[in-house]
Amino acid sequence: MSAVEAKDFLGLLPTSSQIERDGELTVGGCRLSDLAKEFGTPLWVIDESNLRSQAQRFNGTLQALWPKSRAVFASKAYPCTAVYEVMAQEGLGVDVAGGGELALALKGGVDPALMVQHGNAKTEAELSMAVSAGVGTIVIDNFDDIDRLERIVSDEQGVLIRVVPGVRGDTHDAISTGQEGSKFGLHRADAERAIARLNNSDRLRLDGLHMHIGSQILETEPFEAAVEALASFGEFDVYDLGGGLGVRYTYGDHPPTPEEWVGALVSAAKKFLPHHARLLIEPGRAMVAQSGITLYRVTTIKHGTPTFVGVDGGMADNLDVSLYGQRFEAAVVNRVAGHDVVDLVGRHCESGDRLIEGISLNAPVVGDVVVVAATGAYTYTMQNNYNGALKPAVVFVSDGQAHLRVRRETYDDFFLRDVASAVRK
Ligand code: LLP
């Protein structure tokens, strides 16, 4: 790696990141090898100032361009109480998909009136929980949602209907949701029936429509087309335009900035939606991805073609590689500029557990700490215990201070839900 490429790596990290004189990377003023030593590895590090500034960028830009509006964090991207706390403090709403996220959001101090409840197969229990918690908006995804809510709600409940705009963004099939045939939302004829039914409901107040066309979408055009399609379902007081803005995982990714994305959505809204309406947006990935990094320790190196650099984590703490073929970038924390092309591999019992194929690292040796950039979105969410892996700790850093916000799992945690057998008790 040349000096320019070291600068490129910094460009994928939180904006506070620097390379010290001795070559060591810092994030939020904390030396990464010190964090690895103090908190162990694998370790998730979140730059708190970067996270807060992303929240302000989305919410501030939206509110400057469209006064009756709010950004709602799609909390599935990082459902941990510390992140909910930040979103609540920054004045954002929160989207919760299911009872678990609702419980975490309440614990994190989010005002239930600012919550948006999602789910394509919500249970009666989840809907009851949302109604009794006072969740401001429940998004209707099917007619069973309406049947259940009409049974549960005694007072009045604000709802939106999720519609299928019929727009396909350029992304992985598994995370594309706006096209005909999607399992999410109501297609036109059903949406029209649902609108008619809710207009006659005495307890469910139909505020408007919701759409979400998918995730990791790297251009603005599909969003604009979807806003236009949304307008064809009729005039309402509220439009929730969903999330989906892609992020920069690799040097070759050039997503729109939050300002560009919000600007494009609002321009389309000005063109196609009623000007009195309230607008919501639901960014998840782009809110948190760049604020997060993962630290691993190199446990073994197998020289050959390719050379495998094995670390103490893998697909238990980053499923995006195996599920969607997502590429990431990485560096040794105290030798960022590097040129040995290796495969960075995880420790799990699958050949598919390759964190990054063909990555340039600088003369990696056993014991090095390796940092993978832009792991703030969905990695925490989809962590698992494959091969008995302990779920990693989460540390927030800012101004040279590091605070543990989620402790590392212990083997004792494994036994907490097990019920001892009658024979062996
Ligand atoms: N709103 C709704 C209704 C959603 O379903 C989602 C994401 C979002 C907003 C936020 O989308 P974002 O801004 O994050 O693109 N597990 C996958 C991602 C699945 C996204 C699901 N829905 C991954 O690891 O990449």
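This note walks through a predicted model, point by point.

1. Domains. The chain is assigned two domains. Domain 1 covers 3–47 + 290–414, and domain 2 covers 49–288. Their centres, taken over C-alpha atoms, are separated by 31 Å. In the contact between them, 28 residues come from domain 1 and 21 residues from domain 2.

2. The domain 1 side of that contact. Which elements supply at least two residues each to the side of domain 1 that touches domain 2? They are helix H1 (3–12), strand S4 (43–47), helix H12 (320–324), strand S19 (393–398) and strand S20 (401–406). S19 gives the largest share of this side, three residues. By class, this side of domain 1 has 13 nonpolar residues, 10 polar and five charged.

3. The core. The largest nonpolar core holds 120 residues. Val94, Ala330 and Val371 have the most contacts inside it. Helix H10 (residues 258–272) contributes the largest share of this core, six residues.

4. A closer look at Val94. Set aside the neighbours within four places in sequence. Valine 94 is then in contact with Val72, Phe73, Ser75, Tyr84 and Met87, among others. The list of its contacts also includes Ala105, Val110, Leu114 and Met115.

5. The ligand shell. There are 21 residues around the ligand. Ala74, Ser215, Gly243, Gly284 and Tyr378 come nearest. Helix H11 (285–288) and H12 are the elements that give two or more residues to this shell. H12 also supplies at least two residues of the side of domain 1 that touches domain 2. The shell divides into nine nonpolar, seven polar and five charged residues. Domain 1 and domain 2 each provide at least three residues of the shell.

6. A sheet of three strands. This open sheet runs in the order S1-S2-S3, and its pairing is antiparallel. Why is one side of S1 and of S3 left without a neighbour in the sheet? Strand S1 (18–19) and strand S3 (30–31) stand at the edges with a single partner strand each, so one side of each has no neighbour there. Strand S2 (residues 25–27) pairs with S3 over two bridges, in the antiparallel sense. Within this part of the sheet, valine 27 stands opposite cysteine 30 in S3.

Technical notes:
Residues numbered from 1 in each chain as written. Predicted model: local features only at pLDDT ≥ 70, side-chain atom pairs only at ≥ 80, totals over all residues. Core = buried A, V, L, I, M, F, W, Y, C linked by C-beta atoms within 7 Å. Buried ≥ 20, exposed ≤ 12 C-beta atoms within 10 Å, placed from the backbone. Helix = DSSP H or I, 4+ residues; strand = E, 2+ residues; numbered from the N terminus. Contact = placed C-beta atoms within 7 Å. Pairing = 2+ DSSP bridges. Domains from an automatic or database assignment. Nonpolar A, V, L, I, M, F, W, Y, C, P; charged D, E, K, R; others polar. Near = placed C-beta within 6 Å.
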